[in-house]
Amino acid sequence: MSDTTDSLEPQDQPKSAPENRASEGPLDESEANAVRPYVDLGGVKILPRQELHLRLEIEEASKRVVAVGLDYAGSTLQIQPFAAPRSSGLWHEIRQQIIDQVHAQGGTTKVADGTFGPEVFAEIPVAGGKPDEKRIARFVGVDGPRWFLRGVIAGEALTSAEAATKIDDLFRSIVVVRGNTPMPPRDLIPLHVPATGEKES
């Protein structure tokens with residue numbers, strides 16, 4: 001039988017996640033310890049830790065939060081949670097889209113098996129940079145129950161095993177809050193600024 005995974009028709013792919021995801025993370029809200037002091041960002045909750053700096057990436061036109069940036073261990077981890085089907089996974093398809101986009105920008109990619117399953121290492125030319133200037137990134141993805149969590153890693157975690165372990169641990173500590181609102185697969189689960197003591201008017 002021939003392999004049809006590269007055909008144009010969308011295929012139902014199995015979920016891609018570590019075997020111990022439900023216990024070691026990234027966790028679904030239903031699997032997380034409710035008493036831990038998470039920072040609530042809507043679609044994700046982050047466990048505070050020393051030397052962790054959190055940035056929200058906001059789309060200019062819509063003013064909505066489109067990603068969460070975490071600076072930690074000399075590295076950056078950008079995360080985005082997406083709605084996903086209950087039974088099939090998105091990482092296979094999204095991984096191919098990332099590869100296609102990098103190649104379209106003149107970059108190179110390599111797929112390898114890592115902590116969370118298949119990962120994409122990309123070298124992307126820097127726009128407006130020197131001809132040989134490249135940005136290196138590691139793309140990871142985990143399919144959870146009715147959600148998909150994507151991470152983009154840069155910095156020391158790409159060259160230091162110690163930093164990589166810390167970033168992997170940080171990615172595993174993230175809790176995804178899918179909520180019960182019906183959403184099409186691949187839609188970004190809404191993110192928001194964490195609540196403070198002040199109420200927004």
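Two strands are counted as paired if DSSP finds at least two bridges between them. The close-up views below apply this criterion to a predicted model.

**View A. Strands E4 and E5 form a hairpin in the predicted model.** Arginine 55 stands opposite glycine 69 in E5. E4 and E5 are paired in the antiparallel sense, over six bridges. Six residues lie between the two strands of this hairpin, and lysine 63 in the turn has a positive phi of about 65 degrees. E5 is mostly covered, since seven of its eight residues are buried.

**View B. A second hairpin is formed by E5 and E6.** Here the two strands run antiparallel and are joined by five bridges. Tyrosine 72 has serine 75 of E6 opposite it. The turn holds two residues between the strands, and alanine 73 in this turn has a positive phi of about 55 degrees.

**View C. Seven strands make up an open sheet with antiparallel pairing.** The order of the strands is E4-E5-E6-E10-E9-E8-E7. Strand E4 (53–58) and strand E7 (108–114) stand at the edges with a single partner strand each, so one side of each is left without a neighbour in the sheet. On average, and with direction ignored, neighbouring strands of this sheet are turned by 25 degrees against each other.

**View D. Helices H2 and H3 lie across strands of the seven-stranded sheet.** H2 lies across E7, E8, strand E9 (134–144) and strand E10 (147–155), and runs at about 15 degrees to E8. Helix H3 (residues 161–172) lies across strand E5 (65–72), strand E6 (75–83), E9 and E10. The angle at which H3 runs to E6 is about 25 degrees.

**View E. The second largest pocket is lined by residues that include four from helix H2.** About 150 Å³ of space lies in this pocket. The lining consists of Phe82, Ile94, Gln97, Ile98, Gln101, Arg150 and Arg186. By class, three of the lining residues are nonpolar, two are polar and two are charged. Helix H2 (residues 91–104) gives the most to the lining.

**View F. Four strands form another open sheet, with mixed pairing.** The strand order in this sheet is E1-E11-E3-E2. Strand E1 (27–28) and strand E2 (39–40) are the edge strands, and each pairs on one side only. E2 runs antiparallel to strand E3 (residues 44–46), to which two bridges join it. Valine 39 stands opposite isoleucine 46 in E3.

**View G. Proline 194 lies in the segment after strand E11 (175–176).** Buried residues have under 20% relative accessible area and exposed residues over 50%, so proline 194, at 24% relative accessibility, counts as partly exposed. Proline 194 and valine 39 are 155 residues apart along the chain, while their C-alpha atoms are separated by 6.6 Å. Neighbours within four places in sequence left aside, proline 194 is in contact with Val39, Asp40, Leu41 and Leu56.

Technical notes. Residues numbered from 1 in each chain as written. Predicted model: local features only at pLDDT ≥ 70, side-chain atom pairs only at ≥ 80, totals over all residues. Heavy atoms only, no water. 1 Å grid on protein atoms, 1.4 Å probe; cavity = no way out; pocket = protein on both sides within 12 Å on 5 of 7 lines; lining within 4 Å. Points joined across faces, edges and corners; volume = space filled by probe spheres on them. Nonpolar A, V, L, I, M, F, W, Y, C, P; charged D, E, K, R; others polar. Axes fitted to C-alpha atoms, helices over the stretch in contact; angles between N-to-C directions. Contact = heavy atoms within 4.5 Å. Buried < 20%, exposed > 50% of the residue type's maximum accessible area, 1.4 Å probe, protein only.
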